[in-house]
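Please look over the structure below before reading my comments.

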Amino acid sequence: MIALLQAEPGLFTGLVFVLGLLIGSFLNVVIHRLPKMMEAEWQAQCAELRGETVPEIPRYNLWTPRSACPHCGHAITALENIPVLSWLWLRGRCSGCGAPISVRYPLVELLTAALSAAVAWKWGASVETAGALLLVWTLVALAFIDLDTTLLPDSLTLPLVWLGLLFNLGGHFASLPDAVIGAIAGYLVLWSVYWLFKLVTGKEGMGFGDFKLLAALGAWLGWQLLPITILLSSVVGAAVGIAMILLIKHDRRVPIPFGPYLAGGGVVALFFGADLTRAYLAQF
């Protein structure tokens with residue numbers, strides 16, 4: 001089977017595209033539920049610290065309860081949960097009450113599928129594809145969670161650091177020494193920016209989750225691709241931030257999450273980082 005997939009890259013890419021649609025559907029659940037699970041855990045911890053009895057709450061995780069319409073409680077059936085197709089069939093509305101279903105759900109599924117197919121096409125049926133898929137899927141989840149909540153959950157960023165180091169034991173994207181230095185440098189670079197900004201302005205310029213996300217990217221890609229990752233994410237983030245302030249009068253006091261730009265910079269670095277770095281250095 002592996003030999004067949006290696007001999008037929010188009011077939012393998014198509015299969016991974018379909019897998020990406022299914023994973024994207026699951027990532028929608030992660031993006032929606034993980035922040036709520038974190039909030040419930042924080043509330044329970046606060047109640048314990050206050051010496052209060054933690055109230056019994058219905059079981060709520062990534063698997064339970066079944067997905068349902070937030071407006072009418074209609075349980076989503078299997079036919080209504082087919083990635084992209086169900087949204088089109090339902091015309092973007094709940095079959096129970098007719099409430100609109102956000103177009104972001106199929107967009108996340110399509111984005112995940114497209115990135116997955118790109119990974120499959122670039123690396124084929126290989127160990128690198130398995131690792132890159134895991135990295136890309138996690139970055140998609142982190143980007144949208146940060147966009148919604150300005151949070152980058154430790155339950156995703158910290159395992160991503162260790163998985164990157166573990167994966168590069170075989171030197172698939174970087175040598176192990178480069179990956180270790182990348183993880184350390186990724187954390188310390190943004191940590192230093194954070195404290196420098198705080199000393200100058202007295203304000204916090206970013207969250208600790210950003211440090212951990214860049215550390216994870218360094219662990220996966222090696223320290224050599226950190227400059228291009230930081231440059232891409234900073235330029236795009238600054239451009240978007242300025243555009244939001246000028247065009248939609250975004251309040252400057254309201255923080256703009258940096259995680260989506262870091263994730264986007266990491267994805268670009270994964271695919272093109274080495275080529276971009278060589279092209280830049282060739283000018284000198």
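This is a predicted model: local features need pLDDT of at least 70, side-chain atom pairs count only at pLDDT 80 or more; totals for chains, interfaces and linings use all residues.

1. Residues are numbered from 1 along each chain as its sequence is written, and side-chain values use heavy atoms, with hydrogens and water left out.

2. Helix H2 (residues 9-49) packs against helix H5 (residues 127-149) at an angle of about 35 degrees, and their axes are 10 Å apart. Helices here are DSSP runs (H or I, at least four residues), numbered from the N terminus. Axes are lines fitted to C-alpha atoms over the stretch in contact, and angles run from 0 to 180 degrees between N-to-C directions.

3. Residues of H2 that meet H5 include Phe-12, Leu-19 and Pro-35, and those on the H5 side include Trp-137, Phe-144 and Asp-148. Contact means heavy atoms within 4.5 Å.

4. The largest nonpolar core has 57 residues. Such a core is a set of buried Ala, Val, Leu, Ile, Met, Phe, Trp, Tyr and Cys residues joined through side-chain atoms within 4.5 Å, where buried means under 20% relative accessible area (1.4 Å probe, protein chains only). H5 gives the most to this core, with 12 residues.

5. Leu-139 is among the residues with the most contacts inside the core. Leaving aside neighbours within four places in sequence, Leu-139 touches Leu-160, Leu-213, Leu-217, Ala-263 and Val-267.

6. In H8, 13 of the 14 residues are buried, so this helix is largely enclosed by the rest of the structure. Gly-222 follows H8 and has a positive phi, near 90 degrees.

Note on methods
Helices (H or I, at least four residues) and strands (E, at least two) are DSSP runs, numbered from the N terminus. Buried means under 20% relative accessible area, exposed over 50%, partly exposed in between (1.4 Å probe, protein chains only).
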